[in-house]
Amino acid sequence: MNTLDALDAQSQRTDIPDFRAGDTLKVESEQLLALSDKLSTDVAFAGLRGMSSGQGLFTTTVTGYGTAALLSSGGPPIALAVSPQFPLVVDPDAFIASQG
């Protein structure tokens, strides 16, 4: 049994976004499973904001060129377009990552 099979057995799903040069992804640290060696990370403490909102205490910023594996529970992740004209509010327990 490989790692992805084990994750599926635990009702976890993986999503594997590709990065191009200049792409940035901010992901809840507990949702980041793996990344290729051309990607770099920076971890930021979310502090009380993260704890009080129900999100994790740490957010990881992933940049560079390559592939990352993200975890989600309960179904495949849904990508939603967001802009200043159309803000989006989500359940903190359902949030995985934001791009850009």
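Start by selecting Ile78, Leu80, Val82, Leu88 and Val90: together these residues make a nonpolar surface patch of about 480 Å². A patch here takes residues with over 30% relative accessible area and no salt bridge, joining nonpolar side chains (Val, Leu, Ile, Met, Phe, Trp, Tyr) within 5 Å and like charges within 9 Å. The salt bridge in that rule is a side-chain nitrogen of Lys or Arg within 4 Å of a carboxyl oxygen of Asp or Glu. Accessible areas come from the Shrake-Rupley method with a 1.4 Å probe, and for residues only the protein chains shown count as cover.

Before going on, keep in mind that this is a predicted model, where local features need pLDDT of at least 70, side-chain atom pairs count only at pLDDT 80 or more, and totals for chains, interfaces and linings use all residues. Residues are numbered from 1 along each chain as its sequence is written, and side-chain values use heavy atoms, with hydrogens and water left out.

**Stay on the patch**

Click on Leu80, which sits in the loop between S5 and S6. Leu80 counts as exposed, at 53% relative accessibility; the cut-offs are under 20% relative accessible area for buried, over 50% for exposed, and partly exposed in between (1.4 Å probe, protein chains only).

**Zoom out to the whole chain**

Reading from the N terminus, the order is α-β-β-β-β-α-β-β. These are DSSP runs, numbered from the N terminus: helices are H or I with at least four residues, strands are E with at least two. Of the 100 residues, 23% count as buried.

**Into the core**

Next, select Leu25, Val27, Leu39, Val62, Ala68, Leu70 and Ile96, the seven residues of the largest nonpolar core. Strand S2 (18-28) and S5 each supply at least two residues of this core, and S5 gives the largest share, with three. A core in this sense is a set of buried Ala, Val, Leu, Ile, Met, Phe, Trp, Tyr and Cys residues joined through side-chain atoms within 4.5 Å.

Pick out Ile96 from that set. Ile96 lies in the loop between S5 and S6 and counts as buried at 17% relative accessibility. Its C-alpha is 9.8 Å from that of Ser73, 23 residues away along the chain.

**Along strand S5**

Which side chain does Thr60 touch through a polar contact? Show Ser29: the two side chains are joined at 2.7 Å. Such a contact is a pair of N or O atoms within 3.5 Å; within protein, one must be able to donate a hydrogen and the other to accept it, and residues adjacent in sequence count only if both atoms are side-chain atoms. Thr60 is in strand S5 and is buried, with a relative accessible area of 4%.

Move along to Ser72, also in strand S5 and buried at 3% relative accessibility. Display Leu32 with Ser72: they are 40 residues apart in sequence, yet their C-alpha atoms are 9.5 Å apart.

**Last stop: two rings**

The count of aromatic pairs comes to one. Show Phe45 and Phe58: the ring centres are 5.4 Å apart and the planes stand at 55°, so the pair is tilted. Rings of Phe, Tyr and Trp (its six-membered ring) pair if their centres lie within 6.5 Å; planes under 30 degrees apart are stacked, over 60 edge-to-face, the rest tilted. Phe45 lies in strand S4 (residues 39-45) and Phe58 in strand S5, so the pair ties together parts 13 residues apart in sequence. Phe45 is exposed at 58% relative accessibility, while Phe58 is partly exposed at 40%.
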